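Dear colleague,

Please find the structure below, followed by an account of what was found in it.

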Amino acid sequence: MKSYRKELWMEAPVRRAYINITPQVELALADSGIREGLVLVNAMHITASVFINDNESGLHSDFEKWLEKLAPEKPHTQYAHNGYEDNADAHLKRQIMGREVVVAITEGKLDLGPWEQIFYGEYDGKRRKRVLIKIIGE
Ligand code: ZN
């Protein structure tokens, strides 16, 4: 069995963002030479997510509104976690949107559904963060 590991560096210029990382995962897969197996993609930070959904801007705006209803950023004083930091809402948003995805690799391609794309979700941006890509297979 072969294995391949790569880190992607992310730096969103705003607090919250959704970034399509499918092309970078496809590049990593091509680089790995693996034709059959699995790829794991996970955020390495506790205020960011990796998830799969539609690449549609209306939906991303709906995510933003929904997450702000569930875990509003402000007032910062509403959260016990805030004191030294102001990112309790970002930890909660990450929890809902998830840490990682696993995608099957078939005949050298990501075996995604017709509208599935892989996204990095940032909830406490303006700093450098990493995404891990780990691929195993033959
Ligand atoms: Zn924190």
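I begin with Thr22, which is found in helix α1; helices (H or I, at least four residues) and strands (E, at least two) are DSSP runs, numbered from the N terminus. This is a predicted model, in which local features need pLDDT of at least 70 and side-chain atom pairs count only at pLDDT 80 or more, while totals for chains, interfaces and linings use all residues. Residues are numbered from 1 along each chain as its sequence is written, and side-chain values use heavy atoms, with hydrogens and water left out.

Thr22 has a relative accessible area of 2% and is therefore buried. Here buried means under 20% relative accessible area, exposed over 50%, and partly exposed in between (1.4 Å probe, protein chains only). Not counting residues up to four places away in sequence, Thr22 touches Leu110, Leu112, Gln117 and Ile118; contact means heavy atoms within 4.5 Å.

Helix α2

Helix α2 comprises the 14 residues 57-70, which at 1.5 Å a residue should span 20 Å; the end C-alpha atoms are 20 Å apart, which agrees. The expected span is 1.5 Å times one less than the number of residues. Within α2, the residues His60, Phe63 and Leu67 are buried. They cover an arc of only 50° around the axis, which puts them on the same side of α2; the arc is that of the directions from the helix axis to the C-beta atoms. An α-helix has 3.6 residues a turn, so residues three or four places apart point the same way. Lys65 and Lys69 are exposed on the face of α2 turned away from its buried side. The buried residues of α2 pack against β2 (17-20), β4 (48-53), α3 (88-97) and β7 (117-122). At the start of α2, the backbone nitrogen of Gly58 has a side-chain oxygen of Glu56 within 2.9 Å.

Because 7 of its 10 residues are buried, α3 is largely enclosed by the rest of the structure. Those buried residues are Ala88, Asp89, Ala90, His91, Lys93, Arg94 and Met97, and what covers them includes β3, β4 and α2. Just after α3, Gly98 takes a positive phi of about 95°.

Asp124 lies in the loop between β7 and β8. With 4% relative accessibility, Asp124 counts as buried. Leaving aside neighbours within four places in sequence, Asp124 is in contact with Arg15, Thr47, Asn87, Ala90 and Lys129. The side chain of Asp124 also makes a polar contact with the side chain of Arg127, at 3.4 Å. A polar contact is a pair of N or O atoms within 3.5 Å; within protein, one must be able to donate a hydrogen and the other to accept it, and residues adjacent in sequence count only if both atoms are side-chain atoms. The C-alpha atoms of Asp124 and Lys93 are separated by 9.9 Å, with the two residues 31 residues apart along the chain.

Strand pairing

Two strands pair if DSSP finds at least two bridges between them. β3 pairs with β5 in the antiparallel sense over 6 bridges, and with β8 in the antiparallel sense over 7 bridges. Opposite Leu38 stands Ala104 in β5, and opposite Asn42 stands Glu100 in β5. Ala43 has Val131 of β8 opposite.

β5 and β6 (residues 109-110) pair in the antiparallel sense over 2 bridges, and Lys109 in β6 is the bridge partner of Thr106. These two strands, β5 and β6, form a hairpin with 2 residues between them, and Glu107 in the turn has a positive phi of about 50°.

Nonpolar cores

Which residues touch the most other members of the largest nonpolar core? Of its 22 residues, they are Ile21, Val39, Val41 and Ile135. β1 (2-10), α1 (22-32), β3 (37-43), β4, β5 (100-106), β7 and β8 (129-137) each supply at least two residues of this core. Apart from it lies another core, of 8 residues, among them Tyr18, Phe51, Met97 and Tyr123. A nonpolar core is a set of buried Ala, Val, Leu, Ile, Met, Phe, Trp, Tyr and Cys residues joined through side-chain atoms within 4.5 Å.

With kind regards
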